[in-house]
Amino acid sequence: MSRFRVRVRTASSDDVDELVALVGSMTDLGLVRGRRVARSWPDGFRIQCERVLTDPEHRVVVAVDEAGAVVGAAVFAADTAGGLLDPPAVYVSHLLVAPDHRKRGAGRALVSAAAGYAEELGVDSVVVAVAPTTRDANRFFARLGFAPQVIRRIAPVAALRRALASADPMGEPTLPPGRSALARALPRTPRSRLRRTG
């Protein structure tokens with residue numbers, strides 16, 4: 001419970017309309033996977049929302065105000081095994097708070113729910129996905145102790161195929177004739193230093 005009496009609960013299929021309305025109220029989503037959200041919204045989002053709500057690999061939570069209205073939402077996914085280089089963690093995606101309910105505790109309540117989910121699963125880390133262009137969101141998470149980890153880049157498969165087809169087959173710049181990769185990597189040393197003395 002926050003100072004503005006926001007509480008978080010697991011979302012259900014009854015929340016789909018309010019989740020669609022929440023996404024519709026967002027003005028700072030910008031590009032998602034290289035496309036404007038509005039292109040397939042709201043029908044595309046409704047279908048995806050219904051799918052995620054029933055997916056056992058995800059937990060969708062909503063922040064509700066005193067009247068029970070949805071003012072925020074987040075999607076959690078757990079990787080309890082961890083990857084090759086990544087530790088086990090709960091991944092938070094699509095943490096959204098309605099613009100007119102920001103700075104009232106909904107975001108903190110959703111992050112607290114993510115920490116609770118991580119404790120429930122016995123993992124030590126929470127990872128959030130934040131667009132680099134959303135300054136306020138980056139500041140919010142930095143204040144809570146989230147540090148930058150990696151930069152993730154995304155490309156549509158069709159565009160990636162075109163880029164790969166037009167690139168050098170090895171994917172690297174070719175070396176000038178007569179110079180090996182090792183020779184190029186080593187610093188140039190004046191010849192006088194290489195001569196033996198005595």
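Author: A salt bridge is a side-chain nitrogen of Lys or Arg within 4 Å of a carboxyl oxygen of Asp or Glu. The term is applied here to a predicted model.

Reader: What makes the pairing of Glu66 and Arg5 a salt bridge?

Author: The side chains of Glu66 and Arg5 meet at 2.8 Å, N to O. The cut-off is 4 Å between a nitrogen of Lys or Arg and a carboxyl oxygen of Asp or Glu, so a pair of this kind at that distance qualifies. A search of the whole structure finds four salt bridges.

Reader: Which parts of the chain does the pair of Glu66 and Arg5 link?

Author: The parts are distant, with the two residues 61 apart. Glu66 lies in the loop between strand S4 (58–64) and strand S5 (70–79), whereas Arg5 belongs to the segment before strand S1 (7–10).

Reader: Why is helix H1 called oblique to helix H2?

Author: The axes of H1 (residues 16–25) and H2 (residues 43–53) come within 10 Å and cross at roughly 125 degrees. Perpendicular pairs run from 65 to 115 degrees and antiparallel ones lie over 145, so an angle between these ranges counts as oblique. H1 is therefore oblique to H2. The crossing in which H1 passes H2 is right-handed.

Reader: Which residues make the contact between H1 and H2, and how many of them are nonpolar, polar or charged?

Author: H1 contributes Val16, Asp17, Leu19, Val20 and Val23, and H2 contributes Phe45, Arg46, Cys49, Glu50 and Leu53. By class, the contact has seven nonpolar residues, three charged residues and no polar ones.

Reader: How do you know that Val127 meets parts of the chain beyond its sequence neighbours?

Author: Leaving aside residues up to four places away in sequence, Val127 touches Ala89, Val90, Tyr91, Val92 and Gln149. Val127 sits in strand S7 (residues 125–128). The C-alpha atoms of Val127 and Ala89 are 6.7 Å apart, although 38 residues separate the two along the chain.

Reader: What is the confidence of the model, and where is the pLDDT below 50?

Author: The mean pLDDT is 79, and 72% of residues reach 70 or more. Residues 30–39 have a pLDDT below 50, with eight contacts beyond near neighbours in sequence. Residues 179–183 are also below 50, and this stretch has four such contacts in the model.

Methods
Residues numbered from 1 in each chain as written. Predicted model: local features only at pLDDT ≥ 70, side-chain atom pairs only at ≥ 80, totals over all residues. Heavy atoms only, no water. Axes fitted to C-alpha atoms, helices over the stretch in contact; angles between N-to-C directions. Helix = DSSP H or I, 4+ residues; strand = E, 2+ residues; numbered from the N terminus. Parallel < 35°, antiparallel > 145°, perpendicular 65-115°, else oblique. Left-handed = near helix turned anticlockwise from the far one by under 90°. Contact = heavy atoms within 4.5 Å. Nonpolar A, V, L, I, M, F, W, Y, C, P; charged D, E, K, R; others polar. pLDDT = per-residue confidence, 0-100.
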